[in-house]
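Here is a friendly walk through one protein model, from its overall fold to a few individual residues. Have the viewer open and follow along.

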Amino acid sequence: MASNSLKPTFLTEINPDYAAPVYFYDKFPLLGASCKEVMDQVTDLEPRKDDVYIVGYPKSGTNWLQILLSQIYQDWGTLRENEQKRIPLLEVSEKPNLNGFQQFDKASSPRLVKSHLPYHLFPRKHQEADCKVVYIVRNPKDSCVSLFHMMKGFRLVRDEDWADHMTRFVQGKMWYGNWLDHVTGWVNNAGHNIMIIHYEDMKKDLTSAVSRLSDFIGHPLSLTECQLIAESGNFDNMKKTALHQINVGGHLHQDVSPFFRKGVAGDWKNAFTVSQNEIFDTVFDQKVKESGLKISYE
Ligand code: A3P
């Protein structure tokens, strides 16, 4: 267990290539709220067999997943023991409500945590520990649009021009780097302890997604239980009830950009011009096909 006296040194950069303050760990762009001391401990973390990690590129539906999972098994140590009763973000160390690693580290089992880390920076021993990782994939066009709106809602962001944002996304000049590298890094390494789930499939049939999730974490539920969780986890219901469970809540100006924004697949069509769509397809489509990934844009 890490020492509670861990003193983070923040080396956040204002880098002209990035819209928001960023911290480079081993040259990889993380949130400005991450730091070396914590990241060193995160990569060396000893996962426990009954840990569940929710991972995804930002704006892929990671919070949706965390709220569903927190209902599948209601006795998570992480939720019982942290002050905010929220699932922490593993790699950040900003206080008061985002010192994820420390909260996770001291929680009793079973623990539930969220992370946006790429595969190569994830706790190294996760496979041998045989813990569970659920990795969510959302189509990059919708993630890009969703991220644009979220960044508008953050005080930290320098500019908020859609065309600039899209260009940076394509270049991977974003927190957590390039979408394709992130997704393929995880998907290509998916083993028995990593489940890949798609946002668009959850939109189409949430009950069966909940059923697959519950089987995967070793806590199978009946059809009725899955239906109840799916009902409470639909977008409209979560918008009314779940804001207090979201980690970004305190940082995001909900009046500028609500966290529960649209929650649909295919919203990118309202933002992309024809030529922006072509740029995206040129950069991502071929590589997505080569990787064997099936991405749905609706
Ligand atoms: P939009 O901005 O497109 O609406 P993350 O949790 O990884 O930050 O992802 C946020 C995205 O997931 C947002 O997308 C948010 O609205 C969407 N989302 C959150 N809860 C959802 C739900 N219950 N159903 C569908 N989408 C949801």
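Let us begin with burial: a residue is buried if 20 or more other C-beta atoms lie within 10 Å of its own, exposed if 12 or fewer, and partly exposed in between, with C-beta atoms placed from the backbone. By that rule Lys152 is partly exposed because 17 other C-beta atoms lie within 10 Å. This is a predicted model, in which local features need pLDDT of at least 70 and side-chain atom pairs count only at pLDDT 80 or more, while totals for chains, interfaces and linings use all residues. Residues are numbered from 1 along each chain as its sequence is written.

**The overall fold**

The protein has 13 helices and 8 strands. Helices (H or I, at least four residues) and strands (E, at least two) are DSSP runs, numbered from the N terminus. How does the radius of gyration agree with that of a compact globule? For 298 residues a compact globule would have a value near 19 Å, and the protein has 18 Å, which agrees. The radius is taken over C-alpha atoms, and the globule rule is 2.2 Å times the number of residues to the power 0.38. Along the principal axes, the C-alpha atoms fill a box of roughly 50 × 45 × 40 Å.

Buried residues make up 42% of the 298 residues. Contacts are counted when the C-beta atoms of two residues, placed from the backbone, lie within 7 Å. Among contacts between residues at least 6 apart in sequence, 74% join residues at least 24 apart.

In soluble globular proteins, nonpolar side chains tend to be buried together. Here the largest nonpolar core has 70 residues, and those with the most contacts inside it are Leu68, Leu69, Val134, Tyr135 and Val210. The largest share of this core, 6 residues, comes from α6. A nonpolar core is a set of buried Ala, Val, Leu, Ile, Met, Phe, Trp, Tyr and Cys residues joined through C-beta atoms within 7 Å. Leaving out residues up to four places away in sequence, Leu69 touches Val52, Ile54, Leu112 and Leu213.

Val52 stands opposite Leu112 in β6, and 4 bridges join strand β3 (residues 52-56) to β6, the two running parallel. Strands pair if DSSP finds at least two bridges between them. In a regular strand the side chains alternate between the two faces of the sheet. Both faces of β6 are covered: Leu112 and Lys114 on one side are buried, as are Val113 and Ser115 on the other.

**Around the ligand**

The ligand is surrounded by 20 residues, the closest being Thr62, Asn63, Ser146, Arg261 and Gly263. The elements that give two or more residues to this shell are α2 (62-72), α6 (140-153) and α12 (235-241). A residue is near a molecule if its C-beta atom, placed from the backbone, lies within 6 Å of it. The shell divides into 5 nonpolar, 10 polar and 5 charged residues. In this count Ala, Val, Leu, Ile, Met, Phe, Trp, Tyr, Cys and Pro are nonpolar, Asp, Glu, Lys and Arg are charged, and the others, Gly among them, are polar.

**Backbone details**

Most residues other than glycine have a negative phi, and most peptide bonds are trans. The table gathers some backbone angles to look at against that background.

| Site | Angle | Value |
|---|---|---|
| Asp26 | phi | near 50 degrees |
| Lys27 | phi | about 70 degrees |
| Ser109 to Pro110 | omega (cis) | near -5 degrees |

Asp26 lies in the loop between β1 and β2, and Lys27 is found in that loop too. Asp26 counts as exposed because it has 10 C-beta neighbours inside 10 Å, and Lys27 is exposed with 6 other C-beta atoms within 10 Å. Pro110 lies in the loop between α4 (100-106) and β6 (112-115).

**Two lysines**

Where is Lys152 placed? Lys152 is in helix α6 and touches Val157, Glu160, Val256 and Ser257, not counting residues up to four places away in sequence. The C-alpha atoms of Lys152 and Pro118, 34 residues apart along the chain, are separated by 24 Å.

Lys204 is in helix α9 (residues 199-204) and counts as partly exposed, with 13 C-beta neighbours inside 10 Å. The C-alpha atoms of Lys204 and Glu298 are 9.9 Å from each other, although 94 residues separate them along the chain.
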